[in-house]
Amino acid sequence: MTTKYDRVYNFSAGPSMLPLEVLEKVQASLLNYEGSGQSVMEMSHRSKEFKKIAEDAEANLRKLMDIPDNYKVLFLQGGGTLQFSMVPLNLLRNSKKADYIVTGTWAKKAYKEAVKFGDIKVVASSEDDTFTWIPKVKKEDFRPDADYVYFTDNNTIYGTEYNYVPETGDIPLVSDMSSNILSRKVDVSKFGLIWAGAQKNVAPAGVTIVIVREDLIGHADASVPTYLDYKIHADNDSMYNTPPCFSIYVAGEVFKYLLEKGGIEAQQKANEEKAALLYDAIDSSKLFQSPVAKEDRSLMNVVFVTGDADLDKKFVAEAKAEGLINLAGHRSIGGMRASIYNAMPKEGVEKLIAFMKKFEAENAK
Ligand SMILES: *Cc1c(COP(=O)(O)O)cnc(C)c1O
């Protein structure tokens with residue numbers, strides 16, 4: 001792959017790599033999409049061509065994730081960040097209480113935003129240990145009258161991921177899956193709402209996917225801005241206003257590609273294989289360590305350190321020279337982070353491991 005177009009292995013947390021086959025298909029249709037004489041970028045969102053693109057994208061996502069019929073699938077704008085406010089604005093509908101599990105920067109941002117709109121409680125947090133593990137919460141930890149429980153399924157910055165679905169009884173469960181949607185099997189029926197910005201594991205930036213149980217929409221206060229009400233988007237098939245057409249189109253191509261390659265099951269197997277290779281390399285190294293509790297390690301974002309900030313910088317710079325780019329940890333924690341989303345080929349991980357071994361030999365203390 002690197003030889004054909006001189007492409008790098010991009011370990012960025014997002015925007016991140018897309019499958020090469022999808023990029024090639026998009027490129028081939030860029031000037032004239034399926035005989036329409038135009039690019040999808042230039043197409044009316046009300047045209048019959050785009051209508052089919054959007055309908056197919058939704059149908060294929062439903063197939064991939066086995067989304068039950070009583071859930072709406074929305075394609076919105078505003079990034080993941082807008083969901084930090086849309087979720088409370090729509091779901092704080094009875095007691096105006098919600099319980100949040102805080103496992104990292106994104107969960108904390110979601111919490112801080114929700115506090116503006118209701119009685120929000122942090123029921124568990126791993127902040128005292130720099131978010132290196134995932135709290136094990138139980139049904140009894142939640143307020144019985146909470147309107148919803150909120151958590152971040154994969155913590156992109158700290159490299160942790162839930163290995164279980166919190167049990168909340170009848171309280172709707174809301175999950176930010178921005179950095180692990182479509183990476184492993186999810187039982188959608190356990191959730192009230194799942195949302196994900198597309199630019200980590202699905203498509204170019206610009207579209208946010210919201211999967212929401214029907215009975216949870218239509219309760220927003222009259223003062224909620226029209227665009228921020230899920231119901232307006234559900235009633236208009238995500239075409240209340242101009243949607244992010246090109247991002248939806250590429251997302252749709254990624255969905256088709258995943259289905260052709262054996263669906264989520266095959267992708268999960270590949271992801272588990274890639275992550276195991278990389279964590280084994282870290283655990284068997286004398287130079288690199290993982291700060292993350294073993295049972296909570298993310299399949300998507302692999303965080304590791306040498307314990308020496310200057311050596312970490314040297315590693316990131318030398319890796320870049322080898323075509324292994326964006327390996328620096330998030331600016332808030334330093335160290336290294338290899339984001340190995342769906343589209344990162346196994347060869348990219350193998351090249352990284354070979355480079356880590358070479359670097360270790362050259363920098364042994
Ligand atoms: C990237 C990310 C976000 C924020 O997404 P934006 O589209 O940049 O607003 C939120 N949550 C998680 C888990 C993320 O990884």
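**Exercise 1. How closely do the axes of helix α3 and helix α7 approach, and at what angle do they cross?**

Solution. Keep in mind that you're looking at a predicted model.

Step 1: find the two helices. Helix α3 covers residues 48-65, and helix α7 covers residues 245-260.

Step 2: look at their axes, which come within 9 Å and cross at roughly 40°.

Step 3: Angles under 35 degrees count as roughly parallel and 65 to 115 as roughly perpendicular, so α3 is oblique to α7.

Step 4: α3 passes α7 in a left-handed crossing.

**Exercise 2. Work out how α4 and α5 pack, and which hand their crossing has.**

Solution. Step 1: α5 is the helix at residues 105-114, while α4 runs over residues 79-91.

Step 1: their axes sit 8 Å apart, at an angle of about 45°. The pair is therefore oblique.

Step 2: for the hand, α4 passes α5 in a right-handed crossing.

**Exercise 3. Now try α9 and α10: what is their crossing angle, and what is the hand?**

Solution. Step 1: pick out residues 309-321 for α9 and residues 346-362 for α10.

Step 1: the axes come within 11 Å, with a crossing angle of roughly 130°. Only angles over 145 count as roughly antiparallel, so α9 is oblique to α10.

Step 2: this crossing is right-handed.

**Exercise 4. Describe the surroundings of the ligand.**

Solution. Step 1: count the shell. There are 14 residues around the ligand, and the closest are Gly80, Thr81, Thr156, Asp176 and Lys200.

Step 1: sort them by class. You get three nonpolar, nine polar and two charged residues.

Step 2: The side chain of Asp176 has an N or O atom 2.7 Å from a nitrogen atom of the ligand. In the side chain of Gln199, an N or O atom is 2.8 Å from an oxygen atom of the ligand. Lys200 brings a polar side-chain atom to 2.6 Å from a ligand oxygen atom.

Step 3: finish with the cover. On its own the ligand has 390 Å² of accessible area, and the protein covers 87% of that.

**Exercise 5. Track down two backbone features: a cis peptide bond and a positive phi.**

Solution. Most residues other than glycine have a negative phi, and most peptide bonds are trans.

Step 1: find the cis bond. It joins Gly14 and Pro15, with omega about -10°. Pro15 belongs to the loop between β1 (9-10) and α2 (20-28).

Step 2: find the positive phi. Asp66 isn't a glycine, yet its phi is about 55°. Look for Asp66 in the loop between α3 and β2 (71-76).

Notes
Residues numbered from 1 in each chain as written. Predicted model: local features only at pLDDT ≥ 70, side-chain atom pairs only at ≥ 80, totals over all residues. Heavy atoms only, no water. Near = heavy atom within 4 Å. Polar contact = N/O pair within 3.5 Å; in protein donor to acceptor, adjacent residues only side chain to side chain. Areas by Shrake-Rupley, 256 points an atom, 1.4 Å probe, with all protein chains shown as cover. Helix = DSSP H or I, 4+ residues; strand = E, 2+ residues; numbered from the N terminus. Nonpolar A, V, L, I, M, F, W, Y, C, P; charged D, E, K, R; others polar. Axes fitted to C-alpha atoms, helices over the stretch in contact; angles between N-to-C directions. Left-handed = near helix turned anticlockwise from the far one by under 90°.
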